[in-house]
Amino acid sequence: MDNSARKNLPVLDRVAVLLSGICLLHCLALPFLLLALPVLNELASDHLHAQMLLVAIPISVIALALGFRRHENPYVIAFGTLGMALLVIGGTVVHSRYGLAADRTFSVSGALVLAVTHYFNSRLAHYSSCRGGISHDACS
């Protein structure tokens, strides 16, 4: 793997964790804001999940794939796929058929699984680089 891919992996994982955190914040905070500020109720009709998925899924796929190339741990791919599937199902099928509570359950679960997976992907990639003889100042 070339140096540019090695340098981009931690950044992509951090962006993916940030996006998962934003998704969690959106999913958990929006209902409270709607209760506290009825004026925002009109904004609830806009469904942001589809737009967020268009950004989060490609970044997650790239970050997990680059990490897998370094550490070859299949559990990262399995749990990443589970997290992304929960997000996609929650934001599309569940949202339209079962309502907001089911949507939130799937979306929050998927975001948590995906954020934890990206954290471990980053750690495993970092440690595999240290073991592989690649010189890093932060290897310990």
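1. Asn73 caps the N-terminal end of helix α3, with a side-chain oxygen 2.9 Å from the backbone nitrogen of Tyr75. Helices here are DSSP runs of H or I, at least four residues, numbered from the N terminus. The model is a predicted one, in which local features need pLDDT of at least 70 and side-chain atom pairs count only at pLDDT 80 or more, while totals for chains, interfaces and linings use all residues. Residues are numbered from 1 along each chain as its sequence is written, and side-chain values use heavy atoms, with hydrogens and water left out.

2. Helix α3 covers residues 74–98 and bends by about 40° at Gly90; the bend at a residue is the angle between axes fitted to the seven residues ending there and the seven starting there. Just after α3, Gly99 takes a positive phi of about 95°.

3. The buried residues of α3 are Val76, Gly80, Gly83, Met84, Leu86, Leu87, Gly90, Gly91 and Val94. Buried means under 20% relative accessible area, against over 50% for exposed and partly exposed in between (1.4 Å probe, protein chains only). Gly90, where the helix bends, is among these buried residues.

4. How do α3 and α4 pack? Their angle is about 160°, and their axes lie 8 Å apart. Axes are lines fitted to C-alpha atoms, for helices over the stretch in contact, and angles run from 0 to 180 degrees between N-to-C directions. The two helices are therefore roughly antiparallel to each other, a term for angles over 145 degrees.

5. His118 belongs to helix α4, residues 100–131. Is His118 buried or exposed? His118 is buried, with a relative accessible area of 0%. The side chain of His118 makes polar contacts with the side chains of Asp13 (2.9 Å) and Ser60 (3.0 Å). A polar contact is a pair of N or O atoms within 3.5 Å; within protein, one must be able to donate a hydrogen and the other to accept it, and residues adjacent in sequence count only if both atoms are side-chain atoms. Leaving aside neighbours within four places in sequence, His118 is in contact (heavy atoms within 4.5 Å) with Asp13, Ala16, Val17, Ser60, Ala63 and Leu64.

6. Cys23 lies in helix α1, residues 3–36, and is buried at a relative accessible area of 9%. The C-alpha atoms of Cys23 and Val108 are separated by 7.6 Å, although the two are 85 residues apart along the chain. With neighbours within four places in sequence left aside, Cys23 is in contact with Met52, Leu87, Ser107 and Ala111. Of these, Leu87 is also listed among the buried residues of α3.

Key
Parallel < 35°, antiparallel > 145°, perpendicular 65-115°, else oblique.
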